[in-house]
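This report looks at a protein chain as a whole and then turns to one pair of helices. Please have the sequence and the model at hand while reading.

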Amino acid sequence: MIQIFKDPCPPKLEKLGKPRTDELKLEYDKGGRKLKFYRTYKIKAVVEALKHCQHNKCCFSEAYFVGDLPPVEHYRPKGRIDEWPWRKGGSLTPGYYWLAYSWENLLLCKPLPNTSKKRNFFPLVDSTKRMKSHHDADAEEPILINPSKEDPRCHIRFRGWEIEGRTFRGRQTIKILGLRDESFVIARQRLHFRLLKEMQWIEALLARFHIDKDDPIILPTRIGLLQSMKPESEFSSMAIDLLSGWPHL
């Protein structure tokens, strides 16, 4: 997982989302708890803008969107909040309804983390500080890492292709999102083996022929390794941990 730097809010979302947010707030203040949400948060302009700033990658797993329709993820669930399994409790309805059309609350992610794992969970360090309406001040300390607000690499790193939580929040984020799922592990493993093989090939050539690392024979492979560490590359965080400090880049 890497940090995501968002572009400004798409004008169409801002235009359509504000009046609908005002409607939700008014309905809540009238006593409504089963609120209706429109598809405004997943219009084409939103999806395309998120794809661009996320480099066509899942915000959590860093897997590319290839032929799949990426769901729009609400970092804070809009309609209902379920208690994370380690704590006793039921559900809170509605959820963060006033953030349903908030650009800051929207991300794109693969179906597995979105609908199969995270679902409506949003655990806090202290659940008594949870915001329950748009009137509440934000004093929350979320456990789930928000890649558009913080650097996930402060919490999550890689040992080989295996993902590791370096902090409590990192470990719980991995668990909540299912980032050790076999589908992600196999894809990361495949890339890891390819990068490792290229590194070994370069090391062998340098040792045997005593050529410069900018020699045309190995330069394209070196450039490819450097590219794998850039934000637009799939599983770039894993590549960074593999290649950082390698003396032949």
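## Burial and surface

Of the 249 residues of the protein chain, 45% count as buried, where buried means under 20% relative accessible area with a 1.4 Å probe, protein chains only. The accessible surface comes to about 13,000 Å², and 53% of that surface belongs to carbon and sulfur atoms, with areas taken from the Shrake-Rupley method and a 1.4 Å probe.

## Basis of the model

This is a predicted model, in which local features need pLDDT of at least 70 and side-chain atom pairs count only at pLDDT 80 or more, whereas totals for chains, interfaces and linings use all residues. Residues are numbered from 1 along each chain as its sequence is written, and side-chain values use heavy atoms, with hydrogens and water left out.

## Overall fold

The protein chain has 7 helices and 6 strands, which are DSSP runs numbered from the N terminus (helices H or I, at least four residues; strands E, at least two). Along the sequence they follow the pattern α-α-β-β-β-β-α-β-β-α-α-α-α, and the C-alpha atoms fill a box of roughly 80 × 40 × 30 Å, taken along the principal axes.

## Helix 5 and helix 7

The axes of helix 5 (residues 182-209) and helix 7 (residues 236-243) come within 11 Å and cross at roughly 35°; axes are lines fitted to C-alpha atoms over the stretch in contact, and angles run from 0 to 180 degrees between N-to-C directions. The contact (heavy atoms within 4.5 Å) involves residues including Arg188, Leu191 and Met199 of helix 5 and Met238 and Leu242 of helix 7.

Key
Buried < 20%, exposed > 50% of the residue type's maximum accessible area, 1.4 Å probe, protein only.
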